2 protein chains.
Amino acid sequence: MNIGLDMMGGDFSPLEAVRGVQLYLQEVQIPVTVWLVGDEDQIRPMLQEYAIPTASVQVVHAPQSIGMNEHPTRALKEKPQSSIAIGFQLLATGKMDAFISAGNTGAMLVGALYSLKPIEGIHRPTISTVIPKENGKTGVLLDVGLNADCKPENLNQFAVLGTLYARHILGIAEPRVGLLNIGEEEGKGNILAQAAYPLLKENSQIHFIGNIEGRDILLDKADVTVCEGFTGNVILKLAESLFDITSRHKIESEYFDRFDFEYYGGTPLLGVTKPVIIGHGISRGKSFLNMLKLAQKMLETDLLGKMKESFVG
Amino acid sequence: MNIGLDMMGGDFSPLEAVRGVQLYLQEVQIPVTVWLVGDEDQIRPMLQEYAIPTASVQVVHAPQSIGMNEHPTRALKEKPQSSIAIGFQLLATGKMDAFISAGNTGAMLVGALYSLKPIEGIHRPTISTVIPKENGKTGVLLDVGLNADCKPENLNQFAVLGTLYARHILGIAEPRVGLLNIGEEEGKGNILAQAAYPLLKENSQIHFIGNIEGRDILLDKADVTVCEGFTGNVILKLAESLFDITSRHKIESEYFDRFDFEYYGGTPLLGVTKPVIIGHGISRGKSFLNMLKLAQKMLETDLLGKMKESFVG
């Protein structure tokens, strides 16, 4: 298994990426090579310092890096030797099986969509977030910002992708799918939700339980919550702010602790042909560890193979 | 000042409505008559029991009442003697200056839109919610569900209505208006947000500060946050669930205590010619008190007059 990691992505790179690799290699149980893409001069001394076993890593020199605020398309074009550009090249050519970065989100999305193909039959790849449920369980919400405007069929496909993610990554055998809406009954909602409802209802690949409302998002009502990326992104960022607020107010709560994004690491881009994981800019060692573990799990469960099967024909 | 109150609306009526009237009459400083619309046989004994001064109230008998789950339009048509139907009649004919109900929300909206007119120039009336900011201040978010699909100009009008509400009811001299969006820069967002941005930027009636994101909603960044009613409704209900969750988890926090809707009472319908306030079904005495106070403040500040002026020409 070859997992690629952008060592230059994120506000605390490459140091925190190295720390994440160290933690990961300490606990991983299977043979794995982590491909470290970035500035060799910066990385090599840190690998020594953190006693990373050289047999488990493969350093790929990338003399350029893309800044957090650079224009994605332009940066990828002008910096073919950047860690993100090289990473996607290695992923597309099969040298690596997965690629992870906490760098420029836009560049990661553009890079993935241009260098990889969407899975056949999928109109729009999507990004998701995990949602900590009040009762301790975990759900998934998608789309959370890649698709600000959606067609009903997009939501229907997100439901399938979310179902497969919940089943194989979260371990929920028969994930319940809810359509995020502003009323409980069929027929409620905006034009998009009204049109998406019958598609979800007739979709035999999912277990659709109907509409769920804002008050249900944090409850254990649906395992997979689907919506367009505008509302999903607002919810994601609002949820993340809850962790900051409870931290600042010194509110002690095991529940709100689970809103710490480090707990999850990063979000996978779903619907492209290979595993791509995008991390927060402020990722630290624990986040990188969790992203590496997520990539491993996506490969071990052959999540992508299952997605491809679902959309054939 | 004549404030009308539906005594039959809400899960705990008429008892909690009577309690609210009692609390209100104990603290009100100006001459006011509260019009109590509902089943006289139920109300009169309670007024005695709670020692409500008869000079301050006017009981209007309404032999019918609309249930919480009845179809709004049908119920209003079939029950012309219901407390909501009679309330709007008295409001439309000028007997009452404002009307409050914790009853069937749909019937309140339909009743208001049919018996009152939108303020001249306003395309779509709106409902809002107050948002407790982390630093102790209070903001307003609109629309929260009346307009699931919006045009850019609707958002622009919500911004003006929200600005006037924040100025005259919340006492914020120069309210900052933010467009809820999924990125900070102009040009980000879905088609609606992209098209609304330039309208807000050019609107001289508001102080537009640009896009705000999900993470900013609970921070003191904007006083008025505008969005379409789908996203707004999801946020409203998610925020309400935070109070329930923190209560259930016994998380003690003055901040999350402010997410208790009873703290605010109800939401006004903005953009119609007279003050209409819609309460939660589970309103208790304190909510009714706060709705009565809000109606009084809307009348004292002539909020509706200011809205009419803003949209003339």
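In the hairpin formed by strand 5 and strand 6 of chain B, 5 residues lie between the strands, and Gly136(B) takes a positive phi near 100°. The model is predicted: local features need pLDDT of at least 70, side-chain atom pairs count only at pLDDT 80 or more, and totals for chains, interfaces and linings use all residues. Residues are numbered from 1 along each chain as its sequence is written, while chains are lettered from A and ligands numbered from 1 in the order in which they are written. Helices (H or I, at least four residues) and strands (E, at least two) are DSSP runs, numbered from the N terminus.

Two strands count as paired if DSSP finds at least two bridges between them. Pro132(B) stands opposite Thr138(B) of strand 6. Strand 5 of chain B also pairs with strand 10 (residues 266–270) of chain B, in the antiparallel sense, over 2 bridges. There, Thr126(B) has Leu270(B) as its bridge partner. Strand 6 of chain B has a further pairing with strand 9 (residues 224–226) of chain B; the sense is parallel and the bridges number 3. In this pairing, Leu141(B) is the bridge partner of Thr225(B) in strand 9.

Burial was assigned from C-beta counts. A residue is buried if 20 or more other C-beta atoms lie within 10 Å of its own, exposed if 12 or fewer, and partly exposed in between, with C-beta atoms placed from the backbone. Strand 6 of chain B is largely enclosed by the rest of the structure, because 4 of its 5 residues are buried.

The relation between the chains was examined next. Two copies of a chain are related by a rotation about an axis and a shift along it. Superposition was by least squares on the C-alpha atoms of residues with pLDDT of at least 70 in both copies. Chain B can be laid on chain A with an RMSD of 0.0 Å, by a turn of 180° and a shift of 0.0 Å along the axis. The two copies are therefore related as by a two-fold rotation axis. In chain B, the C-alpha nearest the axis belongs to Thr231(B), 2.7 Å from it. The same surface serves both copies: 100% of the contact residues of chain B recur in chain A.

Contacts were defined by distance: two residues are in contact if their C-beta atoms, placed from the backbone, lie within 7 Å. By this criterion, 29 residues of chain B are in contact with 29 residues of chain A. Helix 8 (residues 229–248) of chain B gives the largest share of the side of chain B that touches chain A, 11 residues. That side divides into 14 nonpolar, 9 polar and 6 charged residues. Here Ala, Val, Leu, Ile, Met, Phe, Trp, Tyr, Cys and Pro count as nonpolar, Asp, Glu, Lys and Arg as charged, and the others, Gly among them, as polar.

In chain A, Leu192(A) belongs to helix 7 (residues 191–202). Leu192(A) is buried, with 22 other C-beta atoms within 10 Å. Residues up to four places away in sequence aside, Leu192(A) touches Cys150(A), Pro152(A) and Glu228(A). Val130(A) is 62 residues from Leu192(A) in sequence and 23 Å away in space, C-alpha to C-alpha.

Backbone exceptions were also located. Most residues other than glycine have a negative phi, and most peptide bonds are trans. A cis peptide bond joins Ser13(A) and Pro14(A), with omega about -5°. Pro14(A) lies in the loop between strand 1 (2–6) and helix 1 (15–27) of chain A. Another cis peptide bond joins Leu142(A) and Asp143(A), with omega about 0°. Asp143(A) lies in the loop between strand 6 (138–142) and helix 6 (152–168) of chain A.

Asp302(A) is not a glycine, yet its phi is positive, near 50°. Asp302(A) sits in the loop between helix 10 (285–300) and helix 11 (303–311) of chain A. Asp302(A) counts as exposed, with 12 C-beta neighbours inside 10 Å. In chain B, phi of Asp302(B) is likewise near 50°, and Asp302(B) is exposed, with 12 other C-beta atoms within 10 Å.
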